[in-house]
Amino acid sequence: MKSEWLTEQEAAIHLGVSVDAFRAWRRKGEAPKHFKHGRTIRYTRESLSEWIAERMHGAEEDDE
């Protein structure tokens, strides 16, 4: 499957957050894996999906 490279704005929209929030996560080292070339930053849908999956909580954790 071919990876689709998303801009920072497209990635933020995909995650349903503001670009400012997305940038803050990146500054803190908490953003999804990305590719940076000069000032250009790109994300794949796969890296966004992996990032979300790593942060999901199970029902048993919610009961604690």
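Two aromatic rings of Phe, Tyr or Trp count as a pair if their centres lie within 6.5 Å, with the six-membered ring used for Trp. In this predicted model, ring pairs join Phe-22, Trp-25, Tyr-43 and Trp-51 into a cluster.

**Aromatic rings**

- A pair of aromatic rings is described by the distance of the centres and the angle of the planes.
- The count of aromatic pairs comes to 4.
- One of them is formed by Phe-22 and Trp-25, with ring centres 6.0 Å apart and planes at 55 degrees, so this pair is tilted. Planes under 30 degrees apart would count as stacked, and planes over 60 degrees apart as edge-to-face.
- Phe-22 and Trp-25 both lie in helix α2, 3 residues apart, which means that about one helical turn separates them.
- Phe-22 has a relative accessible area of 0% and is buried. Trp-25 is partly exposed, at 22%.
- Trp-25 also forms a tilted pair with Trp-51, where the centres are 5.1 Å apart and the planes make an angle of 40 degrees.
- This second pair links distant parts of the chain, since Trp-25 belongs to helix α2 and Trp-51 to helix α3, 26 residues apart.
- Trp-51 is buried, with a relative accessible area of 12%.

**Helix α1**

- Helix α1 spans residues 8-15, and its buried residues are Glu-8, Ala-11, Ala-12 and Leu-15.
- These four cover an arc of only 100 degrees around the helix axis, and therefore lie on the same side of α1.
- The face turned away from that buried side carries Gln-9 and Ile-13, which are exposed.
- Among the elements covering the buried residues of α1 are strand β1 (5-6), helix α2 (19-28), strand β3 (40-44) and helix α3 (45-54).

- Strands of a sheet pair through backbone hydrogen bonds, either parallel or antiparallel.
- Here 3 strands form an open sheet in the order β1-β3-β2, and the pairing is antiparallel.
- Strands β1 and β2 (35-37) stand at the edges with a single partner strand each, so one side of each has no neighbour in the sheet.
- Between β1 and β3 there are 2 bridges. Leu-6 has Tyr-43 of β3 as its bridge partner.
- Helix α3 packs on the sheet, where it touches β1 and β3, and its direction makes about 70 degrees with that of β3.

**The nonpolar core**

- In soluble globular proteins, nonpolar side chains tend to be buried together.
- The largest nonpolar core of this model has 9 residues: Leu-6, Ala-11, Ala-12, Leu-15, Phe-22, Ile-41, Tyr-43, Leu-48 and Trp-51.
- Two or more of these residues come from each of α1, β3 and α3. Helix α1 gives the most, with 3 residues.
- Leaving aside neighbours within four places in sequence, Leu-6 is in contact with Ala-11, Ile-41, Arg-42, Tyr-43, Arg-45 and Leu-48.

Conventions
Residues numbered from 1 in each chain as written. Predicted model: local features only at pLDDT ≥ 70, side-chain atom pairs only at ≥ 80, totals over all residues. Heavy atoms only, no water. Buried < 20%, exposed > 50% of the residue type's maximum accessible area, 1.4 Å probe, protein only. Arc of directions from axis to C-beta. Contact = heavy atoms within 4.5 Å. Pairing = 2+ DSSP bridges. Axes fitted to C-alpha atoms, helices over the stretch in contact; angles between N-to-C directions. Core = buried A, V, L, I, M, F, W, Y, C linked by side-chain atoms within 4.5 Å.
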